[in-house]
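Work through the exercises below with the sequence and coordinates at hand. Each task is followed by a stepwise solution.

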Amino acid sequence: MNRRSIIRHSLAVAASLAVGLVPLRAFALGPAPEALADPVELTVGYQKVGHLAPITLISDELEKLGVTLKTVEFARYADARTALLSGSLDMATVGPADLAISLSQGSKNVVGLMGVGSSKKYVIGRKGVELNSWEDLKGKKVGIAPGSAVWFQFAATVTENDIPYDSFTAVNIQGGGANFDQALKRGEVDAIVTWEPFESVPVIEDYGYFAKNLEYSASEAVGAELGMLMATKDALEEKRGAVERFVWSYLSSQEKLAADPEAFAAAYADLTGLAPDVAAEAAKPITLGSVVDQEQIERQAKAFAELGVIQQDVSDQIADHWDPSIVEAAKGQ
């Protein structure tokens with residue numbers, strides 16, 4: 001089976017699941033917007049992952065601005081994307097590739113607004129398994145969440161490094177990140193491709209390690225972005241004022257946490273339920289703030305079509321479904 005077929009097959013298996021450390025650029029956040037004359041309810045899908053910790057701090061602020069925030073938790077980005085496309089959400093935190101995936105599936109009622117965080121990403125190796133280069137993956141069992149944001153980063157990187165996707169055994173692991181750690185701990189896989197805090201747990205508990213020579217966050221096609229905020233066009237048209245106030249509040253919270261590592265770790269622990277010491281360790285690689293832009297999403301869309309990950313090249317549609325104006329207004333630009 002060739003590389004295109006392998007990647008397409010992996011995505012098909014996970015279609016129902018499909019969920020570089022860059023400094024945060026300082027900016028002067030504009031003044032708080034005035035409260036809406038008539039309160040509006042905004043329904044937002046999210047995941048319990050560290051880089052979304054700012055969402056834990058904005059509910060009270062939004063109430064003052066006339067926005068009632070209703071949050072809905074999802075295990076994976078793809079689940080939130082599906083709910084957004086069904087119309088049951090106004091906004092959702094999704095993977096960087098989810099805009100292109102949505103458009104390739106014929107869904108036009110979506111708009112990307114901003115990224116949410118970045119981090120260096122490494123394959124996590126099991127203690128005793130040597131992973132010094134990408135060549136060392138050959139013959140190994142690698143736990144993946146096919147169709148997830150981290151899988152896109154990983155698949156693009158191995159391709160760019162000329163490592164045939166069928167030179168190792170990709171083991172599809174269902175469910176949350178804890179299942180990846182258990183598979184690694186039990187020796188069912190030699191390595192895992194997952195997300196925080198489930199990357200740091202094996203290292204902290206000393207049955208895994210960061211394979212620092214196998215960084216997959218610097219892919220030309222995907223980049224280092226951990227996720228993005230996406231809204232429906234309907235929400236932007238009918239609840240734009242509420243969306244603007246959500247973005248302003250989120251950026252305000254993000255700025256505060258980016259400037260205070262202890263507060264970030266505490267918010268991380270509060271969101272995920274992790275022990276404070278584990279949350280503090282898992283928070284260290286994360287940089288809050290967006291590194292994704294329209295051009296990066298266009299590169300992703302083109303690359304994934306070439307790899308057979310999505311069925312058509314929708315890179316020429318991204319400009320009509322990416323709106324940075326709300327973030328720019330919040331920053332006073």
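**Exercise 1. Which residues do ring pairs link into a cluster together with Trp134?**

Step 1. Apply the criterion: rings of Phe, Tyr and Trp (its six-membered ring) pair if their centres lie within 6.5 Å, and planes under 30 degrees apart count as stacked, over 60 as edge-to-face and the rest as tilted.
Step 2. Follow the links: the cluster joins Trp134, Trp151, Phe152, Phe154, Tyr165, Phe168 and Tyr216.
Step 3. Note the basis. This is a predicted model, in which local features need pLDDT of at least 70 and side-chain atom pairs count only at pLDDT 80 or more, while totals for chains, interfaces and linings use all residues. Residues are numbered from 1 along each chain as its sequence is written, and side-chain values use heavy atoms, with hydrogens and water left out.

**Exercise 2. Classify the pair of Phe154 and Phe168, and state which parts the pair ties together.**

Step 1. Count the pairs: the structure has 11 aromatic pairs.
Step 2. Take the geometry of Phe154 and Phe168: with 5.8 Å centre to centre and 65° between the planes, the pair is edge-to-face.
Step 3. Locate both rings. Phe154 sits in helix α5 (residues 149-160) and Phe168 in the loop between α5 and β7 (169-172), so the pair ties together parts that are 14 residues apart in sequence. Helices (H or I, at least four residues) and strands (E, at least two) are DSSP runs, numbered from the N terminus.
Step 4. Check the accessibility: Phe154 and Phe168 are both buried, where buried means under 20% relative accessible area, exposed over 50% and partly exposed in between (1.4 Å probe, protein chains only).

**Exercise 3. Where does Gln174 lie, and what separates its C-alpha atom from that of Ala145?**

Step 1. Gln174 is in the loop between β7 and α6 (177-185).
Step 2. Its relative accessibility is 40%, so Gln174 counts as partly exposed.
Step 3. Gln174 and Ala145 are 29 residues apart along the chain, and their C-alpha atoms are separated by 6.9 Å.

**Exercise 4. What share of the 333 residues is buried?**

Solution. Buried residues account for 57% of the 333 residues in the protein.
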